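I opened this model to look up a few local features one at a time, and I am keeping the entries in the order in which I made them.

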Amino acid sequence: MANIQDLGIAGIRGGIDSGAFTAVEVAETFIDRVSAAKPLNAFLVETPDHALTAAKAADEAKAKGETLGKMAGVPIGMKDLFCTEGVPTTAASGILEGFVPQYESTVSANLFKNGAGMLGKLNLDQFAMGSSNETSAFGNVISPWRRNDGGNTDITPGGSSGGSAAAVAGRIAPAATGTDTGGSIRQPAAFAGITGFKPTYGRCSRWGTIAFASSLDQAGSMAHDTRDCAIMLEAMAGFDVKDSTSLDLPVPDWEAALNSDLKGKRIGIPKEYRVDNMPSEIDALWQQGIAWMKDAGATIVDVSLPHTKYALPAYYIIAPAEASSNLARYDGVRYGKRDLPDGAGLQDMYAATREAGFGDEVKRRIMIGTYVLSAGYYDAYYTQAQKVRTLISQDFDKAWEQCDLLLTPTAPSAAFGLGEKSDDPLAMYLNDVFTVPSSLAGLPAMSVPAGLDGQGLPLGLQVIGKALDEQNVFNAGLALEERAGFVAKPEQWW
């Protein structure tokens with residue numbers, strides 16, 4: 001029997017079912033792991049009582065012979081973008097410090113109904129704006145990985161779901177929730193050597209999830225492997241009348257239908273993803289991924305997504321525009337931080353509160369968004385970006401006439417050191433170059449750990465599928481996983 005801390009969702013569920021250990025033993029193991037991992041700064045709030053209560057309920061249900069939920073006995077980390085009743089929720093921003101929701105997000109409620117316990121709330125880039133987890137008001141998250149050059153450089157876990165990625169990679173939690181607006185599940189999954197899945201837009205309710213860009217935000221699962229991601233996503237997803245963008249469709253049994261045989265499947269290789277100055281290690285891994293797909297029985301097809309080069313600029317117009325509208329609610333009036341200088345009027349309070357509460361990256365995006373929505377610039381920027389978004393979606397539609405899935409790298413490099421790109425916003429934005437197009441089109445996509453670079457840091461491959469075709473994305477991810485045989489994990493230094 002493996003150590004409990006090394007087990008994922010399926011392993012924990014199987015061990016509880018067989019009687020190898022109890023759910024309480026699992027919870028206690030990970031509660032201790034969370035407490036010992038403070039140097040990583042992955043958790044903003046610890047909730048051991050929640051995890052233990054759920055574990056006791058699972059053990060009692062098992063003793064009575066009752067049917068257990070999909071996540072029964074599994075303690076998870078909850079990205080601090082999901083509102084949790086009675087537990088502080090900040091979106092890693094100073095402007096929401098002290099905010100305690102009196103309601104539960106639909107995603108977290110679904111997970112708890114399926115038996116999951118919560119170890120705590122996970123750190124992230126402030127309001128999910130960032131690719132390195134360096135914009136949090138509560139300090140950087142540090143990846144559990146280290147370069148093999150003998151140095152002690154702190155490595156980014158990616159972002160915005162950096163706390164989630166670090167917790168799963170460091171065996172601090174067996175799984176965690178993430179959100180993906182332009183790659184915030186997939187890129188940190190690739191950087192941390194774990195599996196991350198972003199479903200079709202609308203599969204998971206956005207109700208109770210603090211908004212960044214409403215037409216892009218989508219919750220997803222982050223775990224050790226494909227099966228665990230499938231189990232967790234089944235527990236998270238489902239129609240919600242409280243979310244107007246929620247899809248009124250049944251949730252498939254993705255886990256039961258997992259099959260790594262890709263005979264008859266056509267895998268598209270988009271030529272536009274061969275970007276200038278792509279590191280040779282990334283290209284070599286991509287070629288290896290193509291060979292693995294062939295070995296699984298798939299046919300490889302070259303395809304073109306001609307508007308890909310416009311995806312990143314379009315995204316960084318649309319997402320900030322939506323953010324500038326969504327974040328207007330944080331004004332110091334109803335909840336969260338209030339900065340009221342002596343003798344200040346209402347407008348002064350607004351300005352002082354937002355100046356003190358928002359970080360530099362959030363302010364940057366609000367300013368960009370407000371600019372592109374302003375009179376005289378709306379048509380020149382925002383309208384044009386939305387037209388480009390439509391063209392990008394149409395590119396994918398045409399590609400599906402030739403193939404069933406797409407295979408690409410997840411990120412243009414391995415994880416970098418904290419501080420190495422923080423002074424260059426454009427370089428940071430380029431981390432999303434491979435993940436943004438599928439986000440703009442609302443398509444399901446996942447990142448699978450597939451190898452290590454020359455410095456011993458993880459690299460990931462991305463599978464993109466048709467809308468609502470999560471099953472084939474999972475199946476292709478499983479095929480890659482089986483052939484990559486990725487078992488590397490960070491040595492514990494914290």
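I began with Ala128, which counts as buried because its relative accessibility is 4%, where buried means under 20% relative accessible area, exposed over 50% and partly exposed in between, with a 1.4 Å probe and protein chains only. Ala128 has a positive phi of about 65 degrees although it is not a glycine, and I find Ala128 in the loop between E3 and H5. I note here that this is a predicted model, in which local features need pLDDT of at least 70 and side-chain atom pairs count only at pLDDT 80 or more, while totals for chains, interfaces and linings use all residues. Residues are numbered from 1 along each chain as its sequence is written, and side-chain values use heavy atoms, with hydrogens and water left out.

The loop between E3 and H5 also holds Ser160, and a cis peptide bond joins Gly159 and Ser160, with omega at about 5 degrees. The element names I use are DSSP runs numbered from the N terminus, helices being H or I with at least four residues and strands being E with at least two. I then looked up another backbone entry and found that Asn41, in the loop between H2 and E1, has a positive phi of about 55 degrees although it is not a glycine.

Next I went to helix H5 (residues 162–169), where eight of the eight residues are buried, so H5 is largely enclosed by the rest of the structure. Among these buried residues are Gly162, Gly163, Ser164 and Val168. The cover over them includes E1, E2, E3, strand E4 (175–180), H6 and strand E6 (218–223), contact meaning heavy atoms within 4.5 Å. After H5 comes Arg171, whose phi is positive, near 60 degrees.

Helix H2 (residues 23–36) was the next entry: its 14 residues reach 20 Å from the first C-alpha to the last, close to the 20 Å expected at 1.5 Å a residue, the expected span being 1.5 Å times one less than the number of residues. Buried residues in H2 include Ala23, Val26, Ala27, Phe30 and Val34, and Arg33 is also among them. Helix H1 (9–18), strand E1 (43–46), helix H3 (48–63), strand E2 (75–79) and strand E3 (117–122) are included in what covers the buried residues of H2.

How do helix H8 (residues 280–295) and helix H15 (residues 470–484) pack, and at what angle? I read an angle of about 105 degrees with the axes 9 Å apart, the axes being lines fitted to C-alpha atoms, for helices over the stretch in contact, and the angles running from 0 to 180 degrees between N-to-C directions. That makes H8 roughly perpendicular to H15, a term for 65 to 115 degrees, with under 35 counted as roughly parallel, over 145 as roughly antiparallel and the rest as oblique. Gly289, Trp292, Met293 and Asp295 of H8 meet Ala476, Leu480, Arg483 and Ala484 of H15.

Staying with H15, I looked up Glu470, which lies in that helix and counts as buried because its relative accessibility is 0%. Leaving aside neighbours within four places in sequence, Glu470 is in contact with Phe197, Pro199, Thr200, Arg203, Trp254 and Pro444.

A search of the whole structure for aromatic pairs gave me 16, where rings of Phe, Tyr and Trp (its six-membered ring) pair if their centres lie within 6.5 Å, and planes under 30 degrees apart count as stacked, over 60 as edge-to-face and the rest as tilted. Phe191 and Phe416 form an edge-to-face pair, 5.9 Å centre to centre with 85 degrees between the planes. This pair links distant parts of the chain, with Phe191 in helix H6 (residues 186–192) and Phe416 in the loop between strand E9 (405–409) and helix H13 (425–429), 225 residues apart. Phe191 counts as buried at 1% relative accessibility, and Phe416 counts as buried at 4%. The pair of Tyr377 and Tyr381 is tilted, because the ring centres are 6.3 Å apart and the planes lie at 35 degrees. Tyr377 counts as partly exposed at 35% relative accessibility, and Tyr381 is partly exposed at 34%.

My last entry is Phe396 in helix H12 (residues 378–399), buried with a relative accessible area of 2%. Not counting residues up to four places away in sequence, Phe396 touches Tyr273, Leu305, Leu406, Pro437, Ser438, Ala441, Leu443 and Ile464.
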